[in-house]
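Here is a short briefing to read with the model open beside you.

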Amino acid sequence: MRGDLSVGVVLPAYNESRHLAHVADRLPDWVDGVIVVDDASSDDTLAVARSLPDPRVTVLHHDRNTGVGGAMVTGFRAALDAGHDIVVKMDADDQMDVRELPDLILPIELGVAEYVKGNRFRRSGRPAAMPGTRWLGNVALSFLTKVASGYWHVFDPQCGFVAISAPTLRRLKLDGIASDYFFENDMLIRLNVLDARVVDVDTAALYGEETSTLSVGNASWTFPLRLLRGFAWRF
């Protein structure tokens, strides 16, 4: 509990058996609920999730893989049902620093934003550990997402470290949100239609042995077309 606000963290997990327990174990005591959504993993992610000793943890399971957006819709609904006032999305691959959680939710606590995104580039430009192709793709997608969403001040749309207020989350039509890695971009477009206040906060980018299932090549071809459709839909 942060003041009078209940905070829930959603961890979408697909084949993250190596990292999930470490991520969950590092969450601070003031987090009220942890919702792990196993998205039909083919490894031991579900078993690891169910073995977590933390009483705050709720484990949900998909029989078929729906993508990170699909997992987040499940997690969002569970967080709202649990009565959390602020809902945080963190990936289960240990690429986000839990020590930055207070900074992420502070704008919502202060009432100056309804949606907060991490920005991995503001501190030092390209993070030293970020692969060059991923950095270049993020820069291009950031510009296109600015156009499509109308949030010209927001950078790094692919960063999955985000927080949203429960009232704003309830206003979103969750069924229509993209189920794949376009989820973060789609959220921004839809939030603009709701006239939600969105801010960036500085966050770190932690890279180890984990590998992303996002195909930079595929995103380079498909995301611009989807952003164009999102731009037209927004208007």
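Strand β4 (residues 86-89) pairs with strand β6 (residues 162-165) in the antiparallel sense, over 4 bridges. Strands count as paired if DSSP finds at least two bridges between them, and the helices (H or I, at least four residues) and strands (E, at least two) are DSSP runs numbered from the N terminus. Please keep in mind that this is a predicted model, where local features need pLDDT of at least 70, side-chain atom pairs count only at pLDDT 80 or more, and totals for chains, interfaces and linings use all residues. Residues are numbered from 1 along each chain as its sequence is written, and side-chain values use heavy atoms, with hydrogens and water left out.

**Around β4**
- On the β6 side, K89 has V162 as its bridge partner.
- Strand β1 (residues 7-13) runs parallel to β4, and 4 bridges join them; here V7 stands opposite I86.
- In a regular strand, side chains alternate between the two faces of the sheet.
- In β4, I86 and V88 point one way while V87 and K89 point the other, and all are buried (under 20% relative accessible area; exposed is over 50%, partly exposed in between, with a 1.4 Å probe and protein chains only).

- Strand β2 (residues 33-39) pairs with strand β3 (residues 57-62) in the parallel sense over 6 bridges, and D38 has H61 in β3 as its bridge partner.
- Together with helix α2 (residues 45-51), β2 and β3 make a right-handed β-α-β unit: with the strands pointing away from the viewer, the path from the first strand over the helix to the second runs clockwise.

**Helix α3**
- Helix α3 (residues 67-81) has 15 residues and reaches 22 Å from its first C-alpha to its last, close to the 21 Å expected (1.5 Å times one less than the number of residues).
- Of the 15 residues in α3, 11 are buried, including M72, F76 and L80.
- Just after α3, G83 takes a positive phi of about 85°.

**A buried loop residue**
- A196 sits in the loop between α7 (183-193) and β7 (198-202), and counts as buried because its relative accessibility is 6%.
- The C-alpha atoms of A196 and I164 are separated by 10.0 Å, with the two residues 32 apart along the chain.

- L106, which lies in helix α4 (residues 101-109), is partly exposed, with a relative accessible area of 38%.
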